Amino acid sequence: MKTALEILRERFGDAIRKDLKGLAKQSHILVTKNEIVEITIFLVQNLRMRFLFLSGSDTRKENGAFTLHYIFSYAQQDEFLVVETRIEEKDPSFLSLSPFLPQANWQEREIQDLLGLIPKGHPDPRRLVLHEDWPEGLFPLRKDFKFQAKIPRQKGEYAFERVEGEGIFEIPVGPVHAGIIEPGHFRFSAAGESILKLEIRHFYTHKGTEKSGEGRSPAHLLCLAERISGDNSLAHVVACAQALETLAQIDVPPRAQFLRVVFLELERLHNHMSDIAGISLDVGFSFGASQLMRVKETLLRLNEQVAGTRLLRSAVPLGGVRADISEARKQWLMEQIKKIKEDFEKTIQILWQVDSLMDRIETTGILKKEIAETLGAVGPAARASGIDRDLRRDHPYGAYKDLFFMIPVFSDGDVESRMKVKVQEIYQSFKLIYDALRAMPQGSLRGEIKPLIPSQSALGYVESPRGECFHWISTDGHGKISRWKVQSPSFANWPLIEYAVLENIVPDFPLINKSLNLSYSGNDR
Amino acid sequence: MFRILKKNIAVGKATLPPAFVNASAPEGSLGAPEIDFLKCTGCGKCVAACPTSALTAEDREAEGKRLLHLSYGNCIFCGLCAPACPHQAISFKGKFDLAAKTKKELVRKLSFSLSGCRKDAAFVTSSALPVKKMAEEAPGFAQGDFADRIPMREIGSKLKEKIKRLFGRSLHIREVDAGSCNGCEVEIVNLSNPVYDAERFGIHFVASPRHADMLLVTGPVTRQMELALVKTYAAAPSPKLVVACGSCAVSGGIFEGNYATVGGVDRVVPVDIYIPGCPPRPEAIFQGIFLALDKFRAK
């Protein structure tokens, strides 16, 4: 059987300039910039690869041009293909993929804002990450931009897309919301109660995290990764650590791999508990909310006792895990998990029989499979719309390849389906924690720490509670971190909500939002 | 209906008794770093390992002194300093009761004789240490880009007694996320869960700043949230209290000095109480809120 690379070379010949050495499961090719759209179409349509994300970096010092990395998943062979292309400074533009692949929309606009490279033919070239009061011609991810720079403000106004007609009005919501949630702006165009259009305007929490990571030590980078999205701290830090471990060729000992699985699933548990509690609260059924928030509190306390912190921060350093779980602790943890499972099960069985809850969640916020597919949906949101996609199985990492678990998929795409997916995932997480604790071998907790390989790039990935989370790290000629790209599941999933709310009523928006449960900070970074 | 009742009865009372605010953290909890002054030699290894400006060292050659500062307001509780210390002088034992009315109270100072420090084999010269701003120099309220939109006459007026009288029984809080990672939000939401049950203390989270007595602000204040925070502050009726919740809100935390952040709530609006933590555990947030009302005295 021919490899993907051979097929590509046959088809495109000279456009593929060379293969670059890739680490771990990555193959890299360098292509000329004008062929990128054709190659992507071929990869997606003929080879059934999946476009994951786009990362741009300023490599003018190393090779005199900007570099774009298009990362594709080749799940059939558990491989990643990295298509690299160079953009000269004198012609800072590249062909936009968005008309063909709408999921590239935000990816390309992010590059336009942060790196100053223009996607030619992009259907919506407005600002995205940096708001209108950011001056023209300043691009934070360029190397000549100092990260401590204090930037003056300029005047500017974001132009919302307008829906016009008799009786149509706009409802602006945010950035400061009514509940205790993160900031973001939602602009509804409604006729009566029915939503005709929703436009989201985010990036209020943009903290320049990726730029902050440049030139830092791996330990510092992991601290930053933990603070990308608080409730998904561990998923981000494990993804970041995996990328660094690939870059430094560090072997993580098997015991640490299993402990990481235990922690990752504990994180999924408290996230999903809180989501289901939130759905219950948003329909006004306080029994479910208070019971599940209580269970969540039990889980957070459990986290603190096994890992030292309630949100599992500081649990995972480079090369392994910080603290061990002793034999006695292990037995105790298994008992606790069993108790929590029984507690959860009783509550959830009541929830499924409450009409006031079910009436609100059935057929609410339907996300069609075609739309989810086109926009590159990930995580529980994708799995509730019939897309069978989970990194733990498609690209197994850590100890997941040694563990057996099911991936729940439902096809209705409504709030109920998303809740069902999360409930089933909670059961799978209980099982995974139990199995991982039992199968955990003896051994050391941290591998030998080595320096990062210079002039290389590596991918780290974790199926976080919200979906696929990728960290892409490049080093410069001295083995320092020169670019850190974080593709959080929220960045992939936020555009979905604009479609999920259509033809629903405005009061159902909080419910739909909660069922997707996206992170603003993870999105804005 | 009966199943709901049955479940509620089976669970019983989940709420902690009010004394929980003073209870210690569970065993295994990391919490904030504590320096054993008897063991510390002032070598500076921890300063090199600290990813924020929580640990800083300054050499005063003329006086022959080295000053070592630990600022809880900048600390992200990451734990990197403990393994870096060659003398096991730094420990993490679940300390969290840190809320204070000024940033100065959050700083622990140590002074060493420089020649004594140099004798330690682990000594790191100040030129080899990362350049950081000493916590003591961190200003309190500083005017930001939108200072002209803040009603200034309210700042510094003697509202304390009035506040105590007005909010003694019930307190309405508007939470404002000014760019946090949502870690603080997770803990603030937990204040209202059945275990902590904030409502029993008369603490109620409201949907609008116009109903609020207190703004509980999280995050380092991003450039893009600065105006929203100022508008929210201006919309809250006087007298009002501002609590900076979490190390980002106190000092900018790990995001300090970045192009996209302002670096702490008091660079934008005046702050009454600082609660360090990353994120602060619910007990610590309660302590900060009670301290704002003079109902709680920090140890």
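Before selecting anything, one definition: a helix axis here is a line fitted to C-alpha atoms over the stretch in contact, and an angle between two axes runs from 0 to 180 degrees between N-to-C directions. Keep in mind too that what you have open is a predicted model.

**Stop 1: H7 and H8 of chain A**

Select residues 233-248 of chain A, which is helix H7, and then residues 254-282, which is helix H8. Their axes cross at roughly 145° and come within 8 Å. Now show the side chains where the two meet: Leu234(A), Ala235(A) and Val238(A) on H7(A), facing Arg260(A), Phe263(A), Leu264(A) and Glu267(A) on H8(A). Colour that set by class and you get five nonpolar residues, two charged ones and no polar ones.

**Stop 2: H10 and H15 of chain A**

Stay in chain A and pick helix H10 (residues 327-351) along with helix H15 (residues 415-439). Here the axes lie 10 Å apart, at an angle of about 165°. Angles over 145 degrees count as roughly antiparallel, so that is the label for H10(A) against H15(A). If you look down through the pair, the crossing of H10(A) with H15(A) is left-handed.

Which residues of H10(A) and H15(A) make the contact? From H10(A), select Lys330(A), Leu333(A), Met334(A), Ile337(A), Lys341(A), Phe344(A) and Ile348(A).

**Stop 3: the domains of chain A**

Zoom out and colour chain A by its domain assignment: domain 1 is 4-120, domain 2 is 168-201, and domain 3 is put together from 254-450 and 490-515. Go to domains 2 and 3 of chain A, whose centres, taken over C-alpha atoms, are 27 Å apart. Nine residues on the domain 2 side touch nine on the domain 3 side.

To find the domain 2 face, select strand E9 (185-191) and strand E10 (194-201) of chain A, each of which supplies at least two of its residues. E10(A) has the largest share, with five residues. In total, that domain 2 face holds six nonpolar residues, one polar and two charged.

**Stop 4: the domains of chain B**

Over to chain B, where domain 1 covers 32-95 plus 105-137 and domain 2 covers 147-292. Their centres, over C-alpha atoms, sit 30 Å from each other. Ten residues of domain 1 of chain B meet ten of domain 2 of chain B. The domain 1 side of that contact comprises six nonpolar and four polar residues, with no charged ones.

Next, colour chain B by pLDDT. The average is 84, and 91% of the residues score at least 70. One stretch to pick out is 154-160 of chain B, where pLDDT is below 50 and where the model has three contacts beyond near neighbours in sequence.

**Stop 5: where the chains meet**

Finally, show both chains together. The model scores ipTM 0.91 and pTM 0.93. In the interface, 49 residues of chain B contact 50 residues of chain A.

Which element of chain B gives the most to the side that touches chain A? H6(B) comes out on top, with six. The chain B side as a whole splits into 25 nonpolar, 16 polar and eight charged residues.

How values were computed
Residues are numbered from 1 along each chain as its sequence is written. Chains are lettered from A and ligands numbered from 1 in the order in which they are written. This is a predicted model: local features need pLDDT of at least 70, side-chain atom pairs count only at pLDDT 80 or more; totals for chains, interfaces and linings use all residues. Domain bounds come from an automatic or database domain assignment. Two residues are in contact if their C-beta atoms, placed from the backbone, lie within 7 Å. Helices (H or I, at least four residues) and strands (E, at least two) are DSSP runs, numbered from the N terminus. Ala, Val, Leu, Ile, Met, Phe, Trp, Tyr, Cys and Pro count as nonpolar, Asp, Glu, Lys and Arg as charged, and the others, Gly among them, as polar. pLDDT is the predictor's confidence in each residue, from 0 to 100. Angles under 35 degrees count as roughly parallel, over 145 as roughly antiparallel, 65 to 115 as roughly perpendicular and the rest as oblique. A crossing is left-handed if the near helix is turned anticlockwise from the far one by less than a right angle, and right-handed if clockwise.
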